[in-house]
Amino acid sequence: MRGRIIAVVAAVCVVAGCGSSAPEPRAERVEFTAPQPVGASVLDTPAPTTTGPPVPACDPAASLRPTGPPVVAGAGPSVAAVVAQGRLRVGVDQNSYRFGYRDSFTGELGGFDIDVARQMAAAMFGDQNMIQFVTLTSGQRIDALKNGDVDIVVQTMTSNCARKQEIDFSTIYYQAGQRVLVNVGSGIRDLDGLAGRRVCSSTGSTSIKNLAEAAAKPIPVGVPSWTDCLVMLQQGQVDAVSTDDTILAGLAAQDPNTEVVGPRFSDEPYGIGIAKGRDDLVRFVNAVLDRMRADGTWTAIYQRWLAELGPPPAPPAARYLS
Amino acid sequence: MTSPRMRMVAAAARTTPGRLGVIAVVLVALALLFGLTSAVGLQARSDALGDLVTSSEPLAVAAQDVYRSLSDADATAASAFLEGGVEPAALRERYQADIAQAGSALAAAAGAASTSEEAGRSVAELSTYLPVYTGLVETARVNNRAGLPVGAAYLREASGLMRDRLLPAARQLYESETGRLAATEDRATPVPFVEVLLGLVALGCLVVAQVFVRRRTNRVLNVGLLAATAASGLVLLWVLVAAVAVSVNVGQARERGSAQVQQLATARIAALEARGDETLTLVVRGSGQSYEQHYQEVSARLGGDAGLLRQARDSVEDPAVRTLVEQAMAQQGQWQVAHEEIRKRDDSGSYNEAVDLAIGDTGAAPAFSALEKSLADAIALSTQRFDDEVGAARSALAWSVVGVLLLTVLAVGGAAWGVWQRLKEYR
């Protein structure tokens, strides 16, 4: 009853317009946190070193000796099979700028690895376009070879003894190593200059493990993808990026205000992956690589894609199994 | 009854004229109370209906608009990215229209911020991060135009901001506004217990009074009291009819309107999210497993036997809307087939073919657009239905307050005049 009486009074008030108090306009206090790449996180404890079954010692750089110059005729059954299928199927990356990436205008793949792969097709078919690229993620590379989805993998792939148990590698066609990318004018010259500073690397990579174990004690920040590191550097959320110089070159090429500094502090020899049991193909690929080293093709490809890393070094020397 | 004055009043009340006087006072008071209570109740109902049309529903629509246009912006920005360096004008325009729409709907929804703390927080969060989001998208776009892969990383960051901050805030705003809409609907449809009780008491007293007057004065009919009884009866009838009519209309507005809109809008936003996942998976080139996983979750929520579309179809009564929802289900099926083909191509390394299927004229893009359009049309129809039903409810209440007040005047006057006629005879 009382409620109704109040309602009557309220109704009268509404009509008469008494007691109308508008709420005070007031800006909400907002806590602003600048966005970061999804999945970025400071690595608190270094990831434990994975302890798999012991890997027998080997020379990761040594491969099968070519029988002569790269000639298709009489090379062997594997090369003949590739020739018969009419094109070379190559597993490549589409996400590593300057090594294997997709040009956003043309949709075409380009980069150091792509050009090396084209040399293989040219040697086999006399036409560098007799090639089918299959884009793979790092984790798919070995399975794609084992399943026969691709003939070779040219994808910033480090030749090591663990992988050599599963697949074969060509001779080393690129010697990579971990270095540091910083903003121009930052005053940071090498890894030691990063003591106590935030350094970006890819979560789960060997590079971030190397950072966590470095004597200079930088603060490793992990992200899902390498380009995320460049975003963080550009947004001022890290002081440096550190990983293989090949990847750093690709990042530096996207931002003239960054530079790759300091010496290499790890060894990452890249080889072309080939399924086991295709020795004649390995020898053929090695013969092509030999020719590229000798006739200046390797240097030309280096200059085309990796100028950010400075003048081209001598191509890595081929080492063969005795 | 101790004081002499009270005893005098009590003694006077025992005489017939005295009793008539008491009866007059009681009848007038009851008729007045009943009439005014009814008028206030009807006014409250009418105000609630007015709020539905002028405030709650527009705010719910604005909140839904913010949510939808942000989801659409996320999906459209990713689609534009897949087109290569220079995005097609149509996609660019769609993205810009989404951002403009989100901004203006946000300004409209800000009206709700003053009344609800929760809505206020969501609006503040949205207004803070929307410009940051557009900044990231433009950075992504500039890099993409220069052919730099870091553009995709900026787009991924933008999308992360959208999904982690903006969309949750938009969802919260939407939920708080739809909650408020439901509360306003309830406010328009209370059961008029007090009015009915007062009405029955007033009518009962009028009947008793007429019996008493007839016994004491030997007059069969008392015109005044009869008129008062009829007027009060009409008021009670009016209140009951209005309550029933408004309840039926608002119930329809809720079932076929707002609740349905909510269901359909949720489905539409899920479709937009899934489209964003599909295109972003391709934008990030090979490392999009988390987007694909989210796509599978969202599309399972959308389609499937217990999915949003199936639920919507089963609860929809309007045949036109049902047809649209059934179309949407078929289109979702087509999209799903196209999506699987896209994944197959991309996973087997045929990236360019996958992109063509995702954004070309055949494949996922037309199926998705058709699905989205069907749902948008269904939402428009349901919104119209809501407006119609609330309009009908409002017209059921037209003139009711004035009518009830006039009848109350008649009831009060009749009661007073009727008793006065008898009382006069004792002078």
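This note goes through the interface of chains A and B, then local features of each chain.

1. **Basis.** This is a predicted model, in which local features need pLDDT of at least 70, side-chain atom pairs count only at pLDDT 80 or more, and totals for chains, interfaces and linings use all residues. Residues are numbered from 1 along each chain as its sequence is written, chains are lettered from A and ligands numbered from 1 in the order in which they are written, and side-chain values use heavy atoms, with hydrogens and water left out.

2. **Interface size.** The interface of chain B and chain A puts 38 residues of chain B in contact with 35 residues of chain A. Contact means heavy atoms within 4.5 Å. The two chains bury about 3200 Å² between them, and 57% of that is on carbon and sulfur atoms. Buried area is the accessible area (1.4 Å probe) that two parts lose on being put together, summed over both. Three residues stand out: Pro149(B), Glu157(B) and Arg285(B) supply 19% of the area that chain B buries against chain A, more than any other three residues.

3. The term means a side-chain nitrogen of Lys or Arg within 4 Å of a carboxyl oxygen of Asp or Glu. Arg156(B) and Asp228(A) form a salt bridge through their side chains, at 2.6 Å from N to O.

4. **Chain B side.** Five helices of chain B each supply at least two residues of the side that touches chain A: α2 (16–82), α4 (117–145), α5 (150–188), α6 (193–217) and α11 (351–359). α4(B) gives the most, with nine residues. Helices (H or I, at least four residues) and strands (E, at least two) are DSSP runs, numbered from the N terminus. The residues on this side divide into 16 nonpolar, 15 polar and seven charged. Here Ala, Val, Leu, Ile, Met, Phe, Trp, Tyr, Cys and Pro count as nonpolar, Asp, Glu, Lys and Arg as charged, and the others, Gly among them, as polar.

5. **A buried serine.** Ser170(A) lies in strand β9 (residues 167–176) of chain A. Its relative accessibility is 1%, so Ser170(A) counts as buried. Buried means under 20% relative accessible area, exposed over 50%, partly exposed in between (1.4 Å probe, protein chains only). Leaving aside neighbours within four places in sequence, Ser170(A) is in contact with Ser63(A), Gly271(A), Ile272(A), Val285(A), Asn286(A) and Leu289(A).

6. **Positive phi.** Most residues other than glycine have a negative phi. Thr156(A) has a positive phi, near 35°. Thr156(A) sits in the loop between β8 (152–153) and α5 (161–164) of chain A and is buried at 18%. Lys217(A) also has a positive phi, about 55°. Lys217(A) is in the loop between α6 (206–213) and β12 (219–223) of chain A, and is exposed at 60%.

7. An open sheet of three strands has the order β4-β5-β6, with antiparallel pairing. β4 (95–96) and β6 (109–110) stand at the edges with a single partner strand each, so one side of each has no neighbour in the sheet. β4(A) pairs with β5 (residues 100–102) over two bridges; two strands pair if DSSP finds at least two bridges between them. Asn95(A) has Tyr101(A) in β5(A) as its bridge partner.

8. **Salt bridges within chains.** The structure holds 40 salt bridges over all chains. Glu166(A) and Lys146(A) meet at 2.6 Å, N to O. Glu166(A) is in the loop between α5 and β9 and Lys146(A) in helix α4 (residues 141–146), so the pair ties together parts 20 residues apart in sequence. Arg180(B) and Glu177(B) have their closest N and O atoms 3.4 Å apart. Arg180(B) is partly exposed at 26%, whereas Glu177(B) is buried at 1%. Both Glu292(B) and Arg343(B) are buried, and their side chains meet in a salt bridge at 4.0 Å, N to O. A network of salt bridges links Asp72(B), Arg94(B), Arg268(B) and Glu372(B).
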